[in-house]
Protein chains: 2
Amino acid sequence: MKLKKITLPEQEIPRRWYNIQADMPNPLNPPLNPSTGKPISPEDLAPIFPLNLIEQEVSTEQYIEIPEEVLEKLLFYRPTPLKRAYNLEKYLGTPAKIYYKDESVSPAGSHKPNTAIAQAYYNKVFGIKKLTTETGAGQWGSALAFACSQFGLECKVYMVRVSYEQKPYRRLMMQAWGGNCIPSPSRETNFGRKILASDPNCPGSLGIAISEAIEEAVEAEDTRYSLGSVLNHVMLHQTIIGLETQKQFAAINEYPDIVIGCVGGGSNFAGLAFPFVRDKIYGKDLRIIGVEPTACPTLTRGQFAYDFGDTAAMTPLLAMHTLGHKFLPPSIHAGGLRYHGISPLVSQLLRDGLLEAEAYDQLKTYEAGVTWARTEGGIPAPETCHAIAASINEALKAKEEAKEKIIVFNYSGHGLLDLPGYASYFEGKLTDFVLPEEGLEKSLAEIKGYPPVK
Amino acid sequence: MKLKKITLPEQEIPRRWYNIQADMPNPLNPPLNPSTGKPISPEDLAPIFPLNLIEQEVSTEQYIEIPEEVLEKLLFYRPTPLKRAYNLEKYLGTPAKIYYKDESVSPAGSHKPNTAIAQAYYNKVFGIKKLTTETGAGQWGSALAFACSQFGLECKVYMVRVSYEQKPYRRLMMQAWGGNCIPSPSRETNFGRKILASDPNCPGSLGIAISEAIEEAVEAEDTRYSLGSVLNHVMLHQTIIGLETQKQFAAINEYPDIVIGCVGGGSNFAGLAFPFVRDKIYGKDLRIIGVEPTACPTLTRGQFAYDFGDTAAMTPLLAMHTLGHKFLPPSIHAGGLRYHGISPLVSQLLRDGLLEAEAYDQLKTYEAGVTWARTEGGIPAPETCHAIAASINEALKAKEEAKEKIIVFNYSGHGLLDLPGYASYFEGKLTDFVLPEEGLEKSLAEIKGYPPVK
């Protein structure tokens, strides 16, 4: 009988997060205040985030202790299993071993609660009563609603109106956890009212929802804003994924040759990858691949530059790979990967040659997802399908080369609430989309003249 | 740090199912051929089920070995964790310890694959190429589609038309696993065509869908029918739940005072309970409670009698608690509990005083489900909410009595695809429903004159 799961006993859950800022060969370009062009100070961010999280954002300590109260909540679903995909290996006829870290087992169905729990905790101990955030498809909003319910915080989620109407299941999850999810643009903020005044039927956008969530946070003393990806402290909280994975590989005396994750804002990828990046910095020989959609090719075709994190240009300027903050990705079902920018940490490490990036077409990724469902059983989220497609690709290369490569990827979420995307795929309604060169030039032209990066 | 999960290493997965027919104080009343009134023979069932499953149906061996090929597929998600609900205990202020066996971790999201995998395997080795079945809400159909995809069998699911239209997510799951799910009544069977001829807009019913699935199975040499509950071999396959649970309690030197499961056809309840019933037969002192809806009170108000398993009166007569096979339960969201009959094994054991039964109102169960989501994190299936409601009730009784009772219940499935039911609850659209006496009398009058039970 072949064993499929490498489980880590609860007692062995990592007690510290890994902070890659301590080890990276080149430091980050600092976030800039767009009006002064100077690095922002903690005080600039204080109305938006609690100071304890701002400290983590800029910390260069190599390890940061996970508070007991956070560990206790993480134990709802952590340590997550590392599983081996024997059936897929057999189906592909590959000598490669394919492992996956199953982050779909959380109550919200993805890796997102890893940081939602931590953020809710730090806000709670800082005296905050309410968190606001935005959500597109609803993965992040539901994770934060869950986390807030655990710490007795109010949670207000501005959900892009078109998603709010088309994707009722995730908003119902938020409601089950006591979260208040409303369609954006809303009448509850100045910015929302302004938008609705000029366009009463506005379908909303992530940029608008961010602006509304920040506006509400900034205006109340006991309210802060929470972001589910991109920022350094989010990447930090997600490193528990990779730290557990390393313990699990150690338990079977193996070590991966290739580490893979899909990339939107970067958090599930960084979570698995960063502890392995550390090993690579200290001499280990392995490949680490971020996988994005060809429709939104931030890492593979974007520019490394200072740009805004949001469409409405309200955030500090971040040095990152970007397609330009006015870039509107075409509608693909992997909503979590439709972001113009990406984590500054992931961007810098790609630039330093520690990471690789690949882009996959939508059809190829759904094909990989269906192959997965029919071999390994689970129905993966459309985002996760990108990591599966790249893993299959590497496993087939290993077959050609007749090498027993060890591959591990982040199974970042299940697709049970994303089944309509699969329906479109089965009905032949989906097409591939490769961003044309002129579209890219146009959106990058918008950010010319921003301060230069080092 | 309090540990929340008692995990069982894969190596310790039970290798044998437990067959309660070997130990029960009184044997089952045999299934009868309705036309002769005599016990049915294996040959009567051969066009419907493969002979190896018919053998299991009537076996009185105490333990039956689980084939290696079945174990290998069960390892996708088994052993499932036994978890402790510390947060709920704290919320209730109870001295009771509340444990739950988390069967929601399977690819299909419920305990159903435990028997779907076994049934697909036995059909496969018997030379069968295709399985047919019926499904209401889709839990069983999706579990069987998953299992068939693992053994290379075709899977045809007749899904009650109204559910097919209102609940697209579960039919999309079946499709992702390569299953062929069609709305019933269909034009693919004589029975379906007959129904549609007289009522082209017929919304369908479980009874009609069963008839269609059996008709297709009986007419083809290489096709058989598969049932997800009620029958003895289904209960047998589910006992792996209770066997694992016993190993997990042994690992922490505890033993439950109260074992709880929700009851529709009986399979998740029996799966957890039967190994504990064995202990009770051999002298252990514990309570074992099946929980059903007041809207469909088979165990608490039904009659123990011979009755048909289906609405169309096509099956053998089974000796069981029944509300009468023409009983139409009101629409409650716990679709898996809307069945007029129940497992003959569960019925006989209730009659023998080894089990207790309780009925809960719909509103009480959703209230329990929301309490659960906001304390323990997961969003439970509406069926599972019945077990939670009863567990809360017992925990509050333990509080009154100041006794440290140990409670364990079967967390039979998650509710991620049942969120519209929660929406109705939040919107105040749900009401309690207690079956009126005259309704019960009327439906039971239908089965007067059937052969008497011993």
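Leaving aside neighbours within four places in sequence, which residues is Leu354(A) in contact with? They are Pro25(A), Val277(A), Lys280(A), Ile281(A), Ile288(A) and Leu349(A), where contact means heavy atoms within 4.5 Å. This is a predicted model, in which local features need pLDDT of at least 70 and side-chain atom pairs count only at pLDDT 80 or more, while totals for chains, interfaces and linings use all residues. Residues are numbered from 1 along each chain as its sequence is written, chains are lettered from A and ligands numbered from 1 in the order in which they are written, and side-chain values use heavy atoms, with hydrogens and water left out.

**Chain A as a whole**
- Chain A has 19 helices and 15 strands; helices (H or I, at least four residues) and strands (E, at least two) are DSSP runs numbered from the N terminus.
- The C-alpha trace of chain A spans about 60 × 50 × 45 Å along its principal axes.
- Of the 454 residues in chain A, 66% are buried; buried means under 20% relative accessible area, exposed over 50%, and partly exposed in between (1.4 Å probe, protein chains only).
- Among contacts in chain A between residues at least 6 apart in sequence, 77% join residues at least 24 apart.

**Leu354(A)**
- Leu354(A) sits in the loop between α15 (344-351) and β14 (356-360) of chain A.
- Its relative accessible area is 10%, so Leu354(A) is buried.
- Leu354(A) and Pro25(A) are 329 residues apart in sequence, yet 9.7 Å apart in space, C-alpha to C-alpha.

**A sheet in chain B**
- An open sheet of 7 strands with mixed pairing runs in the order β1-β4-β5-β15-β10-β11-β14 (chain B); two strands pair if DSSP finds at least two bridges between them.
- Its edge strands, β1 (5-6) and β14 (356-360) of chain B, each pair on one side only.
- Strands β4 (residues 82-84) and β5 (residues 97-102) of chain B run antiparallel and are joined by 3 bridges.
- Leu82(B) stands opposite Lys101(B) in β5(B).

**Backbone details**
- The peptide bond between Ser184(A) and Pro185(A) is cis, with omega about 5°; Pro185(A) is in the loop between β8 (180-184) and α9 (190-198) of chain A.
- Another cis peptide bond runs from Arg78(B) to Pro79(B), with omega near -15°.
- Asn253(A), which is not a glycine, has a positive phi near 55°, and Asn253(A) is exposed because its relative accessible area is 72%.
- Val230(B) is not a glycine either and has a positive phi of about 65°, but Val230(B) counts as buried at 6% relative accessibility.
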